[in-house]
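Open the model in your viewer and keep the selection tool at hand. We will go from one stop to the next.

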2 protein chains.
Amino acid sequence: MQIALLGFGVVGGGVYAICQDRSDLRVTRVLVRSDKPEIAAIATRSMDDIVNDPAIDTVAEVMGGIHPAKEYVEAALNAGKHVVTANKALIAACGDELTALAKKNGVSLRCTAAVGGGIPWLVNLERIKRLDTVSEVGGIMNGTTNFIMDAMHTSGAAFGDVLAQAQALGYAEADPSADIDGDDIRRKLAISAGVAFDVSVEETAIPTFGIRTVTDGDITAFRQRGFVCKLLATAMRCQDGVCAFVEPTLVRAGEPEAAVGANYNLITYTADRIGRQSFFGQGAGRFPTAGNVVQDCLDILGGKTAFYADISRRTSLAEDAVSHPYYVRTAAPDEFLRSVTVDTWGGGVITSAVGVDTMLRWAKAKLQEDPGCFVAGIR
Amino acid sequence: MQIALLGFGVVGGGVYAICQDRSDLRVTRVLVRSDKPEIAAIATRSMDDIVNDPAIDTVAEVMGGIHPAKEYVEAALNAGKHVVTANKALIAACGDELTALAKKNGVSLRCTAAVGGGIPWLVNLERIKRLDTVSEVGGIMNGTTNFIMDAMHTSGAAFGDVLAQAQALGYAEADPSADIDGDDIRRKLAISAGVAFDVSVEETAIPTFGIRTVTDGDITAFRQRGFVCKLLATAMRCQDGVCAFVEPTLVRAGEPEAAVGANYNLITYTADRIGRQSFFGQGAGRFPTAGNVVQDCLDILGGKTAFYADISRRTSLAEDAVSHPYYVRTAAPDEFLRSVTVDTWGGGVITSAVGVDTMLRWAKAKLQEDPGCFVAGIR
């Protein structure tokens, strides 16, 4: 297989290094934006050099972002080349469209690295669907936020200190918003729900609350009561179709999610006959992510032509299909909150079961008035 | 694909039920030992009916035991039929020989259900080997013993009471020896190590200590010190080749293994580039196990011809390649134990780091003198 890499950053460099050791996969072109002396002989700044090279059968897109990645992937598919991508933004936004284009051109489109980094998540989700009906997917799908929550639980430190530590270690970006506000995990949930349920979910339609406002006081209150707080993604079949949400969640100490330390992920499906199966590993990082890109190439080389799912059209999410109690801490309690409060934990209150959409909509609005407001679902 | 089932027990019935729903896999013959009215039209008591039926392309062996399963599998392979088996005893004892026979006959031999029941363990282990070097495999690979250890930790109950409960629930056999003495997990470890390291390991050569002698007093001592006791299997590359062992192991509360409840399994590999990845799910049961048998059939139908590993010949295990501290409780302490004792926990002692082979050999011998002796490695 002759591969053109689009991008030569952390993941691209990892793909290149893995392929250097093998004879079945050869990287023969790399699209770059700046000079890369170590690959000068195969580097190009022109996508045309790749599209017009008939010897290249597969394009591995590891540049990230939607534009121009989308246009490049379309050009590759239209040129009859298979495409492998690690780009979750692209797949969440344009996965249906690109899958249709791949089908039209009789080539493959694979994106296992787009969810869970190096964890063989999407391939196993695809595999279980061959013989069972998936009823729920989700879990810990963002390593940065898990690192932060784990460190806060372990050290008792404040959110800001732990975030700074995560940034120093390279686990969090200089602008950590996409991780801590839940956009990244929401995107991975949208892709996973799409594959699991053969639907197409608009990522921004998934109600989401991040961990930006969690405090060491909240964590102390959770620990004292035997709970661990994690940022969890959940999507499930429900009476009216599919529901999905992302929120800080209190799980009992001793549950599998509670035992996920550092920047690891734990991603789970539940299927009607087989029950629950979970996948644990590094959800990001050079070699884990590059590994899944290379695995996709090997699957294509081995003749795999299937797509993850038969995605057709955008699906609306069911509202308030799931209700559960919440921990809510706000300096501006209101009539709604008082009407559902049943208990007090430290600086926060516990509610009776409230619909997820209702609560997360309330919490988002409350942030305008009380920017420190924090909520967590109780599983 | 036309499938002949050998056996119509719990797993065979599950395979039959799953295939009933589909058009690509059809069970057209079932080898039975007693009348099964619900499948009278396709049941036979003669393996010849299956071997001599040219329409049958795949034989799924779900009868268990080594004889006559081995002879039946050989006959099927020699007749040019693919074989799928869930039989860990057969694969641990004769996997090399049967793989060679399958290769000679140009057919497939798959056994994903033999380790981890419904967990996609061996297929993912096979997959990671395509691009990485596995350095370690193991984990919680026996649901019966995990149920017992989890219940003892949760309820504080005595071993005998919990075992009786497991038997009532159908999680433990009337004769629980194979589970609680570690023979079952040792067998799964032998198969996993063979696949991971391309070696052939004699299952009885793996030093093993079970959970038969653990007491509620031991569990209390572990809990008080923040440990959870699990029966763990471990195999790893070492300087002198491969080492492997099965022993009760104290893991810190908060570690992934500590959070595995009920009869679930958690099976792990560590690979040089990708790091640690773990697989969680039901390690036994009708539909989980049948699911992996059907998955193997689908892989063969999809053209998969690879074998899990290039196993060649029996490999000796390295001795004492791993050393760590132990918890030891015996009514008959001796000079050796005193020479390595560094602390006391409840009714037991803690040792300095001792070679695994040395300690488990000592413990096995000690059981003759003190049948209640218990040891657990400290990770």
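Start where the two chains meet. Select strand β12 of chain A, residues 275-282, together with β12(B). They pair in the antiparallel sense over 3 bridges. Strands pair here if DSSP finds at least two bridges between them. Strands (E, at least two residues) and helices (H or I, at least four) are DSSP runs, numbered from the N terminus. Now pick F280(A): its bridge partner in β12(B) is S278(B).

A word on the model. It is predicted, so local features need pLDDT of at least 70 and side-chain atom pairs count only at pLDDT 80 or more, while totals for chains, interfaces and linings use all residues. Residues are numbered from 1 along each chain as its sequence is written, and chains are lettered from A and ligands numbered from 1 in the order in which they are written.

Contact means that the C-beta atoms of two residues, placed from the backbone, lie within 7 Å.

Move to helix α7 of chain A, residues 159-168. Select F159(A), V162(A), L163(A) and A166(A), the buried residues of this helix. A residue is buried if 20 or more other C-beta atoms lie within 10 Å of its own, exposed if 12 or fewer, and partly exposed in between; C-beta atoms are placed from the backbone. Look down the axis of α7(A): the buried residues fall within an arc of 100°, so they line one face of the helix. That arc is taken from the directions from the helix axis to the C-beta atoms. What do the buried residues of α7(A) pack against? Select α6 (143-155) of chain A to see their partner. On the face turned away from the buried side, find the exposed residues G160(A) and A168(A). After α7(A) comes G170(A), with a positive phi near 85°.

Finally, zoom out to all of chain A. Chain A has 13 helices and 19 strands. Its C-alpha trace spans about 65 × 45 × 35 Å along its principal axes. Of the 379 residues in chain A, 55% are buried.
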